[in-house]
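Dear colleague,

Please find the structure below, together with its sequence. My notes on what was found follow directly after it.

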Amino acid sequence: MNYALSKMFQPSTGSRRKQGVQQVLVLITGGPVQDQAKNAADKLALAGVLTFTVSSGEADEGLMKSVAFVEDLAYHETSFSNVPALAGQIMPKLITVVGDTDVTETFPEETAFVAGAERDVAFLIDGTENVRRDFAYI
């Protein structure tokens with residue numbers, strides 16, 4: 001997630017944050033977190049990035065909810081083979097959600113759904129074996 005912040009959400013890589021475009025990260029993981037995920041999630045939020053999480057298997061569902069800040073933006077399945085069925089739940093929010101990512105405030109009241117607004121969306125996919133073997137589903 002630190003990589004996403006330092007490399008993916010920069011003007012040099014196409015970020016339109018300075019033009020007021022909502023920045024969105026979709027984190028896909030299938031195993032236990034190996035780094036300081038909550039710390040990185042806080043940095044992303046402070047930088048104005050709204051994070052969705054899609055997790056499976058051994059991923060810590062509670063941690064993924066805290067990484068997403070808004071529980072409605074965290075999705076967990078027992079297997080990645082169930083992820084395609086989640087598309088119907090994820091896509092409407094991914095297309096319409098906008099929000100203030102001020103981590104000192106309560107998110108649900110500040111998160112709104114707006115059709116037609118532009119967003120920059122980056123996907124960060126866990127490269128561990130837990131995810132690679134099910135990559136076709138992702």
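A salt bridge is taken here as a side-chain nitrogen of Lys or Arg within 4 Å of a carboxyl oxygen of Asp or Glu. By that criterion, Arg16, Glu118 and Asp120 are linked in a network of salt bridges.

Please note that this is a predicted model, in which local features need pLDDT of at least 70 and side-chain atom pairs count only at pLDDT 80 or more, while totals for chains, interfaces and linings use all residues. Residues are numbered from 1 along each chain as its sequence is written, and side-chain values use heavy atoms, with hydrogens and water left out.

Overall architecture

The chain comprises 6 helices and 6 strands, where helices (H or I, at least four residues) and strands (E, at least two) are DSSP runs numbered from the N terminus. Along the sequence, these elements follow the pattern α-β-α-β-α-β-α-β-α-β-β-α. Of the 138 residues, 41% count as buried; buried means under 20% relative accessible area, exposed over 50%, and partly exposed in between (1.4 Å probe, protein chains only).

Salt bridges

A search of the whole structure finds 5 salt bridges. One of them joins Asp120 to Arg16, with the closest N and O atoms 2.8 Å apart. Asp120 lies in strand β6 and Arg16 in the loop between α1 (2–8) and β1, so this pair ties together parts that are 104 residues apart in sequence. Asp120 counts as buried at 12% relative accessibility, whereas Arg16, at 30%, counts as partly exposed.

Asp42 forms a salt bridge with Lys38, the closest N and O atoms being 3.0 Å apart. Both residues lie in helix α2, 4 residues apart, which is about one turn of the helix. Asp42 is partly exposed with a relative accessible area of 26%, and Lys38 is partly exposed at 31%. Helix α2 (residues 37–46) also holds Asn39, which is partly exposed at 42% relative accessibility. The C-alpha atoms of Asn39 and Met1 are separated by 9.4 Å, although the two residues are 38 positions apart along the chain.

A further salt bridge pairs Glu71 with Lys65, with 3.9 Å between the closest N and O atoms. Glu71 is exposed at 52% relative accessibility, and Lys65 is partly exposed at 27%.

Second largest pocket

The second largest pocket has a volume of about 200 Å³. On a 1 Å grid over the protein atoms alone, a pocket is an open set of points where a 1.4 Å probe fits, with protein on both sides within 12 Å along at least five of seven lines; lining residues have an atom within 4 Å of a point. The volume is the space filled by probe spheres set on the points, which are joined across faces, edges and corners.

The lining includes Val26, Ile28, Val54, Phe123, Tyr137 and Ile138. β1 (22–29) and α4 (83–96) each supply at least two lining residues, and the largest share, 6 residues, comes from α4. The lining divides into 12 nonpolar, no polar and no charged residues; Ala, Val, Leu, Ile, Met, Phe, Trp, Tyr, Cys and Pro count as nonpolar, Asp, Glu, Lys and Arg as charged, and the others, Gly among them, as polar.

Nonpolar surface patch

Phe123, in strand β6 (residues 119–125), is partly exposed at 47% relative accessibility. Together with Val121, Ile125, Phe135 and Ile138, Phe123 makes a nonpolar surface patch of about 410 Å². Patches are made of residues with over 30% relative accessible area and no salt bridge, with nonpolar side chains (Val, Leu, Ile, Met, Phe, Trp, Tyr) joined within 5 Å and like charges within 9 Å. Accessible areas come from the Shrake-Rupley method with a 1.4 Å probe; for residues, only the protein chains shown count as cover.

Yours sincerely
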